[in-house]
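Here is a short report on one structure. It starts at the surface and then turns to single residues.

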Amino acid sequence: ILVIALLSTPTLLGLQKARSLWIAMIRASIFGLALSLIGFSLAMIMNLPPGPLISVLCVISLILLPRIIRFNSKISLIFIVFSKKDYVEIELDQEI
């Protein structure tokens with residue numbers, strides 16, 4: 001279950017609003033690293049096995065992250081900036 005969760009979750013999260021394959025791959029790598037680090041950290045703090053905890057975090061992130069990104073303009077702004085080919089300077093306080 002852990003292998004399936006760690007293979008599919010970062011990929012599904014990385015593909016959202018990605019305009020090219022390399023952007024999706026970079027995002028998937030970042031999501032996978034973040035999920036693993038958060039899962040291992042929580043497992044050490046709470047004295048739980050890391051495998052099931054990481055799997056639960058993957059499922060929770062698949063359910064919650066797309067909704068958070070859709071409604072939070074600052075996070076959406078980060079996704080838009082990463083999906084553009086030309087880098088532009090944008091103030092984070094701006095609303096889209």
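## Nonpolar patch

Leu12, Val56, Val59, Ile60, Leu62, Ile63 and Leu64 make a nonpolar surface patch of about 570 Å². Patches are made of residues with over 30% relative accessible area and no salt bridge; nonpolar side chains (Val, Leu, Ile, Met, Phe, Trp, Tyr) are joined within 5 Å, like charges within 9 Å. A salt bridge is a side-chain nitrogen of Lys or Arg within 4 Å of a carboxyl oxygen of Asp or Glu. Accessible areas come from the Shrake-Rupley method with a 1.4 Å probe, and for residues only the protein chains shown count as cover.

The model is predicted: local features need pLDDT of at least 70, side-chain atom pairs count only at pLDDT 80 or more, and totals for chains, interfaces and linings use all residues. Residues are numbered from 1 along each chain as its sequence is written, and side-chain values use heavy atoms, leaving out hydrogens and water.

## Helix 3

Helix 3 (residues 50–71) gives the most to the nonpolar patch: six residues. Helices are DSSP runs (H or I, at least four residues), numbered from the N terminus.

Val56 lies in helix 3. Its relative accessible area is 44%, so Val56 is partly exposed (between buried, under 20%, and exposed, over 50%). Ser55 is also placed in helix 3. Ser55 counts as buried, because its relative accessibility is 10%. Leaving aside neighbours within four places in sequence, Ser55 is in contact with Ile1, Leu2 and Ala5 (heavy atoms within 4.5 Å).

## Helix 1

Leu7 sits in helix 1 (residues 2–14). Leu7 is exposed, with a relative accessible area of 60%. The C-alpha atoms of Leu7 and Gly32 are separated by 8.3 Å, and the two residues are 25 residues apart along the chain.

Conventions:
Helix = DSSP H or I, 4+ residues; strand = E, 2+ residues; numbered from the N terminus. Buried < 20%, exposed > 50% of the residue type's maximum accessible area, 1.4 Å probe, protein only.
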